[in-house]
Amino acid sequence: MNPFAYSKAANAPAALAQLAAVAGRASAADADPGAEAKLLAGGTNLLDLMKVNLVRCHRLVDINGLPLDAIEALPDGGFRLGALARNADTAYHPAVREGLPLLSSAILAGASPQIRNMATNGGNLLQRTRCHYFYDALTPCNKREPGTGCPAREGLARQHAILGSSEHCVAVHPSDMCVALAALGAVVRVRSTRGARDIAFADFHRLPEDRPEQDTTLAPDELIEHIAIAPLRQYAAHSVYLKLRERQSYAFALVSVAAALDLGPDGRIRGARLALGGVAHKPWRDIGAEALLQGQPPQTAVFERAAEAVLQGAVPRGRGVGSNAFKIPMARRAIVRALQTAARGTVPNTGRNLA
Ligand SMILES: Cc1cc2nc3c(=O)[nH]c(=O)nc-3n(C[C@H](O)[C@H](O)[C@H](O)COP(=O)(O)OP(=O)(O)OC[C@H]3O[C@@H](n4cnc5c(N)ncnc54)[C@H](O)[C@@H]3O)c2cc1C
């Protein structure tokens with residue numbers, strides 16, 4: 001049993017003070033690694049991790065009472081999505097469905113209706129990997145215990161990264177929502193007792209390099225306030241989130257693609273957004289491939305060139321039946337199909353997608 005205290009933050013400064021106090025203690029020489037305070041939002045990931053001892057903390061600070069749940073469509077066409085807004089409320093918000101169908105579809109492709117009703121936008125960004133080796137306390141894992149090794153590299157790699165991995169970690173980021181946010185170039189507003197700062201989405205999640213225990217660039221004493229998305233109305237008519245997985249419901253992506261096109265009056269691509277999920281330690285946006293699409297006609301050969309560019313540096317992991325080599329052609333075909341579908345037009349989100 002791991003005893004921990006629970007408190008409900010009365011306001012944001014109170015929550016930040018709790019985090020700051022613990023961050024200060026963690027830097028002290030006698031810091032207890034379990035002496036950490038954690039923010040509790042929907043709890044759908046954090047509590048699961050605490051139950052299996054992957055997260056230990058001495059205090060849970062419940063932030064559900066803080067006024068961070070607004071979903072705002074701004075006058076300029078941009079959006080501000082509160083960190084405590086529920087994933088379901090975000091996906092079904094009329095302005096989000098209309099202006100950001102890519103985001104709405106990506107959220108609805110994840111988890112289950114019950115989980116999306118609890119899960120928050122801030123928590124979604126910080127959910128941990130689903131790598132089986134990370135969850136298995138009997139195997140070493142650099143993400144769980146830095147320096148112990150990564151048997152996943154040569155093990156059952158079906159779920160693992162093909163892009164941007166390192167010798168220290170081949171885990172992937174599991175979120176669907178974040179793939180759309182990467183494609184949309186969102187910005188994450190965070191706050192600590194030191195003040196507020198904005199983190200570009202591309203810089204929010206990290207590649208593993210030699211510090212796979214760090215998923216993000218968020219400091220331990222920082223709270224996510226909201227996610228900002230610039231006006232991107234031009235992509236609303238041609239966007240798609242394609243998720244390929246082991247089963248059609250209630251499963252994490254093997255490969256997913258967020259694709260959006262801005263088609264000009266001459267039918268050519270004025271702008272493109274392209275990001276992949278299930279393939280790397282972070283949502284994988286490729287601005288080089290987006291640039292290749294710009295100015296081109298929306299044709300299969302053009303999409304194939306973009307897919308080749310995205311997967312240029314892809315490296316398969318594992319051997320035999322455990323290998324994830326299949327992910328490379330799968331990702332290539334998924335990119336082409338997502339772009340073809342986006343070119344034909346956004347498939348209206350009926351909200352009937354139950355998983
Ligand atoms: C069975 C199952 C299936 C799932 N399938 C999918 C799927 O297919 N696709 C997908 O994308 N997701 C999936 N999920 C993950 C789910 O989307 C996440 O668990 C959820 O988004 C996390 O949000 P939360 O509010 O519950 O976070 P919590 O569990 O409360 O918190 C997660 C982490 O974020 C921190 N945190 C939360 N809010 C803030 C904040 N504002 N500022 C700073 N730190 C904060 C917490 O301290 C904690 O470390 C699945 C989950 C389950 C249980």
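Is Glu209 buried, partly exposed or exposed, and at what relative accessibility? Glu209 counts as partly exposed, because its relative accessibility is 48% and partly exposed lies between buried (under 20% relative accessible area) and exposed (over 50%), using a 1.4 Å probe and protein chains only.

Before we go on, a word about the model: it is predicted, so local features need pLDDT of at least 70, side-chain atom pairs count only at pLDDT 80 or more, and totals for chains, interfaces and linings use all residues. Residues are numbered from 1 along each chain as its sequence is written, and side-chain values use heavy atoms, leaving out hydrogens and water.

Most residues other than glycine have a negative phi. Here are two residues that go the other way.

| Residue | Phi | Loop between |
|---|---|---|
| Ala111 | about 55° | helix H5 (101-108) and helix H6 (113-118) |
| Glu209 | about 40° | helix H10 (201-204) and strand E8 (223-229) |

Helices (H or I, at least four residues) and strands (E, at least two) are DSSP runs, numbered from the N terminus. Like Glu209, Ala111 is partly exposed, with a relative accessible area of 30%.

**A buried threonine**

Now visit Thr129, in the loop between helix H7 (121-125) and helix H8 (132-135). Thr129 counts as buried because its relative accessibility is 5%. Leaving aside residues up to four places away in sequence, Thr129 touches Phe134, Tyr135, Lys143, Ala171, Val172 and Pro174, where contact means heavy atoms within 4.5 Å. A polar atom of the Thr129 side chain also lies 3.2 Å from the backbone nitrogen of Cys131.

Definitions and conventions. Polar contact = N/O pair within 3.5 Å; in protein donor to acceptor, adjacent residues only side chain to side chain.
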